[in-house]
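Hi,

Here is the structure I promised to send over. Have a look at it first, and then read my notes below.

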Amino acid sequence: MQVRFPYHIDGRGHTAEADDPTWIRGLIEQVLFTSPGERVMRPDFGAGLRSLVFEPLGPATAALARHRVEEALIRWEPRIDVEQ
């Protein structure tokens, strides 16, 4: 069983399950939308993208965002391949 993210109860009162694409998307979202320091037991988990929200938009910020996404997915979700 693949638990749906975010966790919730379905209409039957059971843990909601996810199909493969939904489950994989949830895994990626957990990594990308978590800021380092947010998880007590894994303080280095996450990509740190929220810290870039108010940075000036330009090539340097775009490159930094891309780098953070690639590094976080490679480190925290080895079950997927980062291609582009």
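Helices here are DSSP runs of H or I with at least four residues, numbered from the N terminus. Keep in mind that this is a predicted model, where local features need pLDDT of at least 70, side-chain atom pairs count only at pLDDT 80 or more, and totals for chains, interfaces and linings use all residues. Residues are numbered from 1 along each chain as its sequence is written, and side-chain values use heavy atoms, with hydrogens and water left out.

Who makes the contact (heavy atoms within 4.5 Å)? From H1 come Ile 28, Val 31 and Leu 32, and from H2 come Val 69, Ala 72, Leu 73 and Trp 76.

Now for the rings. There's one aromatic pair in the structure: Phe 45 and Trp 76 sit edge-to-face, at 5.0 Å centre to centre and with 65° between the planes. (Ring centres of Phe, Tyr or the six-membered ring of Trp must lie within 6.5 Å to pair, and planes over 60 degrees apart count as edge-to-face.) Phe 45 is in the loop between H1 (20–32) and H2 (59–76), while Trp 76 is in H2, 31 residues away. Both Phe 45 and Trp 76 are buried (under 20% relative accessible area, with a 1.4 Å probe and protein chains only).

Ala 60, also found in H2, is exposed at 64% relative accessible area (the cut-off is over 50%).

Cheers

Note on methods. Rings of Phe, Tyr and Trp (its six-membered ring) pair if their centres lie within 6.5 Å; planes under 30 degrees apart count as stacked, over 60 as edge-to-face and the rest as tilted. Helices (H or I, at least four residues) and strands (E, at least two) are DSSP runs, numbered from the N terminus. Contact means heavy atoms within 4.5 Å.
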